[in-house]
Amino acid sequence: MATSLNVKRKNIDLPVETMQKLSIMAAAQGRSLKKYIETILIAKANTVNIEVSENPSPSGDPWFDNPENMAELQEGIAEMKAGKGKSYSIEEIRSILGV
């Protein structure tokens, strides 16, 4: 591994059988076990595409993808934090709506 890269050391625990198999695979490629495992993990990590979504919906509701909706939502949150809003219970909402 190049010394110019930012690296972090991390100990990992693997089953003995797994270590034996990896050691054989590393030897077959003429590499040390450590270098072989690092190569596999780096290659795997480089194939992963991580996307961070600002959509707060666990189901990915597209309503939250609309910037206007999100701006309105953020404005409402800011108003509540500033004490400019009011929370209603479900019973109060039913009463107001006459349901």
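Predicted model: local features only at pLDDT ≥ 70, side-chain atom pairs only at ≥ 80, totals over all residues.
**Elements**

I began with secondary structure and found four helices and zero strands in the protein. Reading from the N terminus, I noted the order as α-α-α-α. My helices are DSSP runs of H or I with at least four residues, strands would be E runs of at least two, and numbering starts at the N terminus. Residues are numbered from 1 along each chain as its sequence is written, and side-chain values use heavy atoms, with hydrogens and water left out.

**Burial, contacts and surface**

How much of the protein is buried? I found that buried residues make up 9% of the 99 residues. Here buried means under 20% relative accessible area, exposed means over 50%, and partly exposed is in between, with a 1.4 Å probe and protein chains only.

I then turned to contacts, meaning heavy atoms within 4.5 Å. Among those between residues at least 6 apart in sequence, 9% join residues at least 24 apart.

The protein exposes about 9,000 Å², and carbon and sulfur atoms supply 56% of it. These areas come from the Shrake-Rupley method with a 1.4 Å probe; for residues, only the protein chains shown count as cover.

**Charges**

I read off 12 positive and 13 negative side chains, with the centres of the two sets 16 Å apart. Lys and Arg count as positive, Asp and Glu as negative, while His and the chain ends are not counted. Each charge is placed at NZ of Lys, CZ of Arg, CG of Asp or CD of Glu.

**The aromatic pair**

I found one aromatic pair in the structure. Tryptophan 63 and phenylalanine 64 form it, edge-to-face, at 5.0 Å centre to centre and 85° between the planes. The rule I used pairs rings of Phe, Tyr and Trp (its six-membered ring) if their centres lie within 6.5 Å; planes under 30 degrees apart count as stacked, over 60 as edge-to-face and the rest as tilted. Tryptophan 63 is partly exposed at 42% relative accessible area, and phenylalanine 64 is partly exposed at 21%.

Arginine 9 sits in the segment before helix H1 (16-28) and counts as exposed at 74% relative accessibility. I checked its C-alpha against that of threonine 47, 38 residues apart along the chain, and got 21 Å.

Threonine 47 belongs to helix H2 and is exposed at 59%. Lysine 44 is also placed in helix H2 (residues 33-47), and its relative accessible area of 56% makes it exposed. From lysine 44 to leucine 14, 30 residues apart along the chain, the C-alpha separation is 18 Å.

I found asparagine 66 in the loop between H2 and helix H3 (67-81), partly exposed at 31%. Its C-alpha is 9.4 Å from that of asparagine 55, 11 residues apart along the chain.

How many residues of helix H4 (residues 90-97) are buried? The number is zero of eight, so H4 lies largely in the open. Just after H4, I noted that glycine 98 takes a positive phi of about 70°.
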